[in-house]
Amino acid sequence: MVWYKSRREIELIREAGKILAQALFSIEGVLKPGVTTLHLAEVAEHIIRKHGGYPAFKGYKGFQGAICTSINEEVVHGIPSKRVIKEGDLVSIDLGVLKNGYYSDAAKSYIVGKPASARAEELLKTTRKALFNGIEAARVGNRISDISRAVQATVEEKGFGVVRDLVGHGVGRNLHEDPQIPNFVSQNGDRPLKEGMVIAIEPMVTEGDWHVEEADDGWTIVTRDGSLAAHFEHTIAVLSEGPMILTDLR
Ligand code: MG
């Protein structure tokens, strides 16, 4: 079931989203070769709590980290640890914030220092563009499949792969709620986009084949062929005046 949000509720999600954006900004300030992924999680948690929020991933279905940190062939759900980030690593940061009973959810990928290859840089650029093309399609009168089509076309036009196993989702009083927002065109569960829908659009894109699997830690999702993966995500509101990003600093 889809919960449509009032303007007041959207404001509350935006409040959680601003804290999230501040945490991401702080991570960017310390993200360099030599830091551990655990340090990034600590920085994020500090900022989130300082603003009266709670790091929404912590304890979610038993997840232990404050955020997700996924490196290179890791797509999503990497657990922060003492692992040290190296020059050229592609690091994906995914985080959620709970405040006043409402969630926000966003992700961003970075190449630390000098990119390992031109293709890695292209992967990052394309995934980000896919997210923004998806957001552009999130308009009243369109359907969920219009978002999916915009994302998929942007990715495949550059010869990259769209992960099928994980999808975007509604956000609100729950971190994950209906509807699902696939990054590929599927008629399954397709529905019209309506005023007050709040959704996380989150392309997960692979340099090679799109198939993924779970790593031995029971959490981390990795590409089956070991190729690089990138992930960009915003929580947005579908409004009569157009899509509104709720997880940025504006
Ligand atoms: Mg998400």
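Residues are numbered from 1 along each chain as its sequence is written, and side-chain values use heavy atoms, with hydrogens and water left out. In this predicted model, local features need pLDDT of at least 70 and side-chain atom pairs count only at pLDDT 80 or more, while totals for chains, interfaces and linings use all residues.

**Stop 1: the magnesium ion**

Select the magnesium ion and then Asp105, His169, Glu202 and Glu233. These are its protein donors, through OD, NE2, OE and OE respectively, at 2.2 to 2.5 Å. Donors here are N, O and S atoms within 2.8 Å of the metal (3.2 Å for Na, K and Ca); water is not among the atoms, so sites may look incomplete. Along the sequence the donor residues follow the spacing D-x63-H-x32-E-x30-E. Helices (H or I, at least four residues) and strands (E, at least two) are DSSP runs, numbered from the N terminus. Both His169 and Glu233 are buried. Buried means under 20% relative accessible area, exposed over 50%, and partly exposed in between (1.4 Å probe, protein chains only).

**Stop 2: the largest pocket**

On a 1 Å grid over the protein atoms alone, a pocket is an open set of points where a 1.4 Å probe fits, with protein on both sides within 12 Å along at least five of seven lines; lining residues have an atom within 4 Å of a point. Grid points are joined across faces, edges and corners, and a volume is the space filled by probe spheres set on the points.

Next, color strand 7 and strand 8 (177-181), each of which supplies at least two residues of this lining. Strand 8 gives the most, with four residues. By class, the lining of the largest pocket holds 14 nonpolar, seven polar and ten charged residues. Ala, Val, Leu, Ile, Met, Phe, Trp, Tyr, Cys and Pro count as nonpolar, Asp, Glu, Lys and Arg as charged, and the others, Gly among them, as polar.

While strand 8 is on screen, pick Pro179, which lies in it. The peptide bond between Asp178 and Pro179 is cis, with omega about 0°.

**Stop 3: the second largest pocket**

Select Leu24, Lys108, His234, Thr247 and Asp248, which lie nearest the centre of the second largest pocket among its 16 lining residues. About 260 Å³ of space lies in this pocket. Helix 1 (7-30), strand 5 (102-111) and helix 3 (118-136) each bring at least two residues to the lining, and helix 1 gives the most, with four. The lining divides into nine nonpolar, two polar and five charged residues.

**Stop 4: helix 4**

Move to helix 4 (residues 144-156) and select Gln152, then Ser148 in that helix. Ser148 is buried at 1% relative accessible area, and Gln152 is buried at 14%. Which backbone atom does the side chain of Gln152 reach? The backbone nitrogen of Val185, at 2.9 Å. For Ser148, a polar atom of the side chain lies 2.7 Å from the backbone oxygen of Pro182.

Leaving aside residues up to four places away in sequence, Ser148 touches Pro182, Asn183, Phe184 and Val185. Contact means heavy atoms within 4.5 Å.

**Stop 5: Glu122**

Go to helix 3 and select Glu122, which is partly exposed at 22% relative accessibility. Beyond its neighbours within four places in sequence, Glu122 is in contact with Lys158 and Phe160.

**Stop 6: two loops**

Last, select Lys61 in the loop between strand 1 (54-55) and strand 2 (68-71). Lys61 is not a glycine, yet its phi is positive, near 50°. Asn72, in the loop between strand 2 and strand 3 (74-76), also has a positive phi, about 55°, without being a glycine. Lys61 is exposed at 69% relative accessibility, whereas Asn72 is buried at 16%.

Technical notes: A polar contact is a pair of N or O atoms within 3.5 Å; within protein, one must be able to donate a hydrogen and the other to accept it, and residues adjacent in sequence count only if both atoms are side-chain atoms.
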